[in-house]
Amino acid sequence: MKKMLPWLITILLAITLIAVVAVILYNSLMNDEPKDAASKAASNAETVQAEKLDAEERVEVTSEIKDIKTNLADPEYIAVLGLAFQLDEKSTKEDFDKIKDIQIKPIIIRTLSDMKPEQINGSAGKDELCAKLLNLINPVLPEGKLVKIEVTDYIVTTL
């Protein structure tokens with residue numbers, strides 16, 4: 001019996017290790033969550049019901065951050081942006097306005113600081129930026145949801 005004990009322990013450890021690896025692989029392969037920012041934003045947008053808003057309603061649920069200035073990943077370039085954020089409800093906009101300078105603006109600056117000028121140029125670059133911001137800002141909102149982000153002002157120039 002003493003000679004079989006090490007073999008039994010080895011076999012049990014091997015079976016346990018195989019089971020753990022199988023569970024991890026199953027979870028990683030069967031995960032339906034999209035990996036890139038644009039896909040995440042698209043899946044988030046699917047859960048939000050699109051409503052036609054008239055001008056007054058749109059102004060009530062839209063907040064702006066103007067003159068965001070930061071260096072890009074390439075230290076020779078600086079970006080100056082203005083963004084408009086459409087939220088799902090008026091109460092969400094009020095909460096957003098309370099935290100936009102202390103939580104939202106730093107997220108925007110960090111996101112821009114990781115991007116190169118080539119990544120932001122063109123409509124595809126701006127769409128990618130808006131998708132990233134949508135995915136980063138929604139979790140920090142106390143309640144409600146950020147529905148849409150639009151670039152209102154855009155300048156990228158060398159220093």
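These legends accompany close-up views of a predicted model. Local features need pLDDT of at least 70 and side-chain atom pairs count only at pLDDT 80 or more, while totals for chains, interfaces and linings use all residues. Residues are numbered from 1 along each chain as its sequence is written, and side-chain values use heavy atoms, with hydrogens and water left out.

**View A. The kink in helix α4.** Helix α4, which covers residues 90-113 (helices are DSSP runs of H or I with at least four residues, strands runs of E with at least two, numbered from the N terminus), has a kink of about 80 degrees centred on Lys100; the bend is the angle between axes fitted to the seven residues ending there and the seven starting there. Among the buried residues of α4 are Phe96, Ile99, Lys100 and Ile104 (buried is under 20% relative accessible area, exposed over 50%, partly exposed in between, with a 1.4 Å probe and protein chains only). Their cover includes α3 (55-60), β1 (62-71), β2 (77-87), α5 (117-120) and α6 (122-137).

**View B. The largest nonpolar core.** This core has 24 residues, of which Phe85, Ile108, Ile137 and Ile149 touch the most other members; a nonpolar core joins buried Ala, Val, Leu, Ile, Met, Phe, Trp, Tyr and Cys residues through side-chain atoms within 4.5 Å. At least two residues each come from β1, β2, α4, α6 and β3 (146-158), and α4 gives the most, with six.

**View C. The surroundings of Ile149.** Leaving aside neighbours within four places in sequence, Ile149 is in contact (heavy atoms within 4.5 Å) with Leu83, Ala84, Phe85, Cys130, Leu133, Leu134 and Ile137.
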